[in-house]
Number of protein chains: 2
Amino acid sequence: MDKNAPIGIFDSGVGGMTVAREVMRQIPDERIVYFGDTARVPYGSKSSSTILRYTRQIIKFLMTKNVKAIVVACNTVSALALEEVKQEIDIPIIGVVKPGAFVACNSTRNGKIGVIGTEATIRSDVYSKFIHEINPELQTVGKACPLFVPLVEEGLWDDPITEEIARRYLSSMLEEGIDTLIMGCTHYPLIRKLLKRTVGEGVNLVNPAYETAVQMRRVLEWEDLMREEHSEKAEDQYEFYVSDFPERFQNFADSILTFQIHAPSQVNIEEY
Amino acid sequence: MDKNAPIGIFDSGVGGMTVAREVMRQIPDERIVYFGDTARVPYGSKSSSTILRYTRQIIKFLMTKNVKAIVVACNTVSALALEEVKQEIDIPIIGVVKPGAFVACNSTRNGKIGVIGTEATIRSDVYSKFIHEINPELQTVGKACPLFVPLVEEGLWDDPITEEIARRYLSSMLEEGIDTLIMGCTHYPLIRKLLKRTVGEGVNLVNPAYETAVQMRRVLEWEDLMREEHSEKAEDQYEFYVSDFPERFQNFADSILTFQIHAPSQVNIEEY
């Protein structure tokens, strides 16, 4: 395996860029090929069989880019398809759910953990399963928040409407006394401030992106796959592919990164 | 052409059922094959090339069901892909935009028409084009309302949050003095009451579904394609296909129709 090969990172759309950003920060020498399935976004309201089919197509595409490892930046895919596709490929692949569950278990003091995410992620109950594998005594309470993604995409990151929706979604888990809340969707860190106001100082917000990048680094070290060349100009080190609207993706990426990315290429993902 | 063949009706998801319902009411003897692309919904934030590709796949699928005519129940597809696919098939096909524009032109008294719809529909400016073909003196003002679809799907049909969003979306066109508002997305008739409260008694709401069904009837009569057999039991006369989650579609259909539909079949639409 070529140590200088890129890491593949993918998501149902733009949200996974919050994970890619963390990988860029923590393992700055690594090359990255990012794919965002912007033509078929969102995944969160879809069935597991459909999500599995889409995931297989994306992995097939990333393989054509000779990636040495894959980060599933999408919570929904990590929850519903990761265990199955892991059996089908022979390079390391990690998701965001296990790292998120791990951080939450280390963070809670009273043993009550809240999880918010898409319908599909919450229905899968995968966060609870991983949390209970680590510590069966912990309590979890999940809540699907389907309006957060469209509100974030509409730009209402700090708006009274988003705050009112957040209050409704979170009130019952706050009443149950959670002290830790996993942001189980890559869009949610973009409304982190508003969520913090809603849950109050006593509740710790967990963003799985940080720990996911830590784990990717460990896996590369363990498998002796760390890149040996040094990082070049950021725009040359990172390649971006999307299934629709390259311009919109570029605007979003430029708004959350500290450098301008090269124009993303459009891919007909259904052909894979 | 077999007069007893079904009419094909399709939409990006469940919303087109508000159009199908109107066709069932106005031409009750006709058989219908409905397809909802629930795996790739929503279309409203996608590019015209992607929407055109999806539309061609769906028409290919409907052709395997030997439909005698097609209703494009989706505003986004009607706006972005209809003119192109019309050239490619030899059965009658109509959309919802032209009928909606026609009704609005007949309804306005002061010549100021508002149009609300998805990002893609509003960006296409197709409603304005049709309205100006009918009467170049009319003024139109469009506004994309991307949050309405997720709010409707979340069930907030009569909620203060949806009302606040509606006020924000509609305030500037109300200030401009529109007296007619086209609901240019099949989800919007489901929040008709709330929209009516927001725009006030002086503004007429146009639902393109009614006029679309009128036009389909006229086309069938003109082409001598009206069905000659009489309607059977509703559940046997109508077939439903979706690309994801048959159960969820069935629940929605049962909630807006007066009869229970047969279980929808799932289709892998990417294979067409």
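Two residues are in contact here when heavy atoms of each lie within 4.5 Å. By that criterion, in this predicted model, 35 residues of chain B touch 35 residues of chain A. The area buried between chain B and chain A comes to about 2500 Å², with carbon and sulfur atoms giving 46% of it. On the side of chain B, the residues that lose the most area to chain A are B:Leu147, B:Ile161 and B:Glu270, which together account for 21% of what that side buries.

The arrangement of the copies comes next. Two copies of a chain are related by a rotation about an axis and a shift along it. Here chain B is superposed on chain A by a rotation of 180 degrees with 0.0 Å of shift along the axis, at an RMSD of 0.0 Å. This is the relation of a two-fold axis. Both copies use the same surface, since 100% of the contact residues of chain B recur in chain A. Within chain B, B:Arg40 comes closest to the rotation axis, its C-alpha lying at 2.6 Å.

One salt bridge joins the side chains of A:Arg248 and B:Glu119, at 3.2 Å from N to O.

On the side of chain B that touches chain A, the elements that give two or more residues are α2 (48-63), α6 (119-124), α8 (148-153) and α9 (160-175) of chain B. Of these, α9(B) gives the most, with six residues. The residues of that side divide into 14 nonpolar, nine polar and twelve charged.

Methods:
Residues are numbered from 1 along each chain as its sequence is written. Chains are lettered from A and ligands numbered from 1 in the order in which they are written. This is a predicted model: local features need pLDDT of at least 70, side-chain atom pairs count only at pLDDT 80 or more; totals for chains, interfaces and linings use all residues. Side-chain values use heavy atoms; hydrogens and water are left out. Copies are superposed by least squares on the C-alpha atoms of residues with pLDDT of at least 70 in both. Buried area is the accessible area (1.4 Å probe) that two parts lose on being put together, summed over both. A salt bridge is a side-chain nitrogen of Lys or Arg within 4 Å of a carboxyl oxygen of Asp or Glu. Helices (H or I, at least four residues) and strands (E, at least two) are DSSP runs, numbered from the N terminus. Ala, Val, Leu, Ile, Met, Phe, Trp, Tyr, Cys and Pro count as nonpolar, Asp, Glu, Lys and Arg as charged, and the others, Gly among them, as polar.
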